[in-house]
Amino acid sequence: MRLRHIPLIVLLLAFAAPAGAAGLLDKNVHYFQPVIDGSGVVWTVGSEPLTMFRMHYGAWLDDAVDSVDYLEDENNKLYRIVENQVSTNLVYAVGFFHFLDVGFDLPLTIYRQFNEEFEDKYEFDSFAVEDIRFEVKGTILNRRQKCLGLALLGRVTTPLAYQENSFVSDKTTTLAPVLVADLGRRWWTVAANLGYKYYVTPQGSELFDMEVGDELTLTLGGILRVDRSNQVLADLATRTQVRAPYGEPDLDYMEVLVAYRKYWQRLNFTALTAGVGMGLLSGVGDPKIRFFVGVTRDERRLGPGDVYF
């Protein structure tokens, strides 16, 4: 069985996953969502396309410490709900023509350690299937050709095995148009993504009275190419509610990460990416610290291109 078929098999199995038990909040706060088509940085999508029938696929693993905290305004009490969470993202993308990439990300929560205070009161599942993410990216300007890049991305997430108030699944399908812009030279690249996340059905949390609604999202990233096979990366991701920009401390999110990437080139490019992240705000989903590693592969034998530039 070839490696490229593994994400498709896992996807089929996910549709059969059983629903879980009740928890606290109807919102996906696992914000580690790596780029599906291998462009850009870690979170930040780039303008470069895969080109005709070239593929990018791989797996990411992240461990978030103290990622779900809730600060109650009335008595200024901090509720620490999820103390540790280990998750994986399986990504697969393929290029069509020389300007269109189509792909999906299947995220799975492998293990979660809950605060005993809440674990005794609510029934939690340590394992959970998250919301599958589909993306279609159309390149307008290819950074590799023009140095300045521009693309439009359409992102859709939908629950596969919705678990009520699980912290890793939105209750509804979401839609997000994203504007992608980047600028690069031989040794460096910087990129930015600005998006609007639309929740098809408004939702909220009865326990914490936290309204969940449409969000503005922004990621900023950069790459320093030390040589042809070694890179240093940095990413910043943030999101806030449209109705009250940075006015809901428990729902506002911001995280920064730094990483190192090593490439091995034969017929294809295989990459190992490892790094660490840290939450900058106190919102639900901001981790105290996050460790992550990814192994990805770009099929280069089917078309031109070089990850070096």
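1. Strand 5 and strand 6 (residues 148-159) run antiparallel and are joined by ten bridges, where helices (H or I, at least four residues) and strands (E, at least two) are DSSP runs numbered from the N terminus, and where two strands pair if DSSP finds at least two bridges between them. Within this pairing, Thr-139 has Ala-151 of strand 6 as its bridge partner. Strand 5 (residues 131-141) is also joined to strand 3 (residues 100-114), again antiparallel, through six bridges, and Leu-100 stands opposite Gly-138 of strand 5.

2. A word on the basis of these remarks: the model is predicted, so that local features need pLDDT of at least 70 and side-chain atom pairs count only at pLDDT 80 or more, while totals for chains, interfaces and linings use all residues. Residues are numbered from 1 along each chain as its sequence is written, and side-chain values use heavy atoms, with hydrogens and water left out.

3. Buried here means under 20% relative accessible area, with exposed being over 50% and partly exposed in between (1.4 Å probe, protein chains only).

4. The whole structure contains 13 salt bridges, each being a side-chain nitrogen of Lys or Arg within 4 Å of a carboxyl oxygen of Asp or Glu. One of them joins Arg-155 and Glu-135 at 2.6 Å, N to O. Because Arg-155 lies in strand 6 and Glu-135 in strand 5, this pair ties together parts that are 20 residues apart in sequence. Both Arg-155 and Glu-135 are buried.

5. Asp-182 and Arg-143 form another salt bridge, with their closest N and O atoms 3.6 Å apart. Since Asp-182 belongs to strand 7 (residues 174-184) and Arg-143 to helix 3 (residues 143-146), the pair ties together parts that are 39 residues apart in sequence. Asp-182 is buried at a relative accessible area of 4%, and Arg-143 is buried at 2% relative accessibility.

6. Asp-170 forms a salt bridge with Lys-197, the closest N and O atoms being 3.3 Å apart. Asp-170 lies in the loop between strand 6 and strand 7, whereas Lys-197 lies in strand 8 (residues 188-199), so the pair ties together parts that are 27 residues apart in sequence. Asp-170 is buried, with a relative accessible area of 1%, and Lys-197 counts as buried at 9%. Elsewhere, salt bridges that share partners join Asp-105, Arg-133, Glu-135 and Arg-155 into one network.

7. Arg-261, found in strand 13, counts as buried at 5% relative accessibility. Arg-261 touches, not counting residues up to four places away in sequence, several residues including Gly-40, Val-42, Trp-60, Leu-233 and Leu-272, contact meaning heavy atoms within 4.5 Å. A polar atom of the Arg-261 side chain lies 3.3 Å from the backbone oxygen of Val-41, and a polar contact of 2.7 Å joins the side chains of Arg-261 and Thr-273. A polar contact is a pair of N or O atoms within 3.5 Å; within protein, one must be able to donate a hydrogen and the other to accept it, and residues adjacent in sequence count only if both atoms are side-chain atoms.
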